[in-house]
Amino acid sequence: MPTRPKPACTWMSLSNWTRVVLGFADRRHFGRVHYWESVDACPSLKVLGIDALSSDFTANRLAKLLATSKRPLKDFLLDQSRIAGLGNIYSCESLWHARLDPRRRAKHLATGGNPPPCTKQLCPFSRRALECLLASGAQFSEIRSGGSRDWRVFFACTARKGKPCRRCGEPISAQGRRAAGQTYYCGRCQEISVSTL
Ligand SMILES: [Zn+2]
């Protein structure tokens, strides 16, 4: 059985002597690897919120979490103690697909129904963004470094500042200082009234 080459910047790999190998690749050097005897023994795992890919991540659960937060939607989605697994790319893509302004206050989505219409959109789009981008293997660092493959084909808005929105043609906006943490959104079709900011 031929073995596949390790991805670039693979710092550690674990194998149980089967064909399955779990690797840790981190080109940006943001990550760390810790060893714990059990999940309960790891403080940082104990405080994680709902896994965005789990069946527990429902519109109703999302609505309850949103109702308790005054933070902008984008910041809310990045808070791993509420929803675990959504990083910058996934958050931007989810909000674009759900047509929600990332600057909108989280609690304002938790109204208008049971569950609120906005959460019925955001929940599946968050999960779908994760599944699609994980399947693509897209890495933001490879976009920035000008790798051989253009990962932006997978993105609706991420890393597309100034390029036309795939839905309405408006140039995509970007906010934030650091490129890897920028918020990408369309100011037209993700637009909301100022009163709900
Ligand atoms: Zn648009």
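Trainee: What makes strand β1 (residues 10-15) hardly covered?

Mentor: In this predicted model, a residue counts as buried if 20 or more other C-beta atoms lie within 10 Å of its own. Among the 6 residues of β1, the count of buried residues is 0, and the strand is therefore described as hardly covered.

Trainee: How do you know that β1 and strand β2 (residues 21-25) pair?

Mentor: Pairing requires at least two bridges between the strands. β1 and β2 have 5 bridges, in the antiparallel sense, so they pair.

Trainee: What do β1 and β2 form, and which residue in the turn has a positive phi?

Mentor: The two strands form a hairpin, with 5 residues between them. In the turn, W17 has a positive phi of about 65 degrees.

Trainee: Which residues of helix α2 (residues 59-67) are buried?

Mentor: L62, A63, L65 and L66 are buried in α2.

Trainee: Why are the buried residues of α2 said to line one face of the helix?

Mentor: Viewed down the axis of α2, its buried residues fall within an arc of 165 degrees, so they line one face. In general, an α-helix has 3.6 residues a turn, so residues three or four places apart point the same way.

Trainee: How many helices and strands does the chain have, and what percentage of its 197 residues is buried?

Mentor: The chain has 6 helices and 6 strands, running β-β-α-β-α-α-β-α-α-α-β-β from the N terminus. Buried residues make up 27% of the 197 residues.

Conventions. Residues numbered from 1 in each chain as written. Predicted model: local features only at pLDDT ≥ 70, side-chain atom pairs only at ≥ 80, totals over all residues. Buried ≥ 20, exposed ≤ 12 C-beta atoms within 10 Å, placed from the backbone. Helix = DSSP H or I, 4+ residues; strand = E, 2+ residues; numbered from the N terminus. Arc of directions from axis to C-beta.
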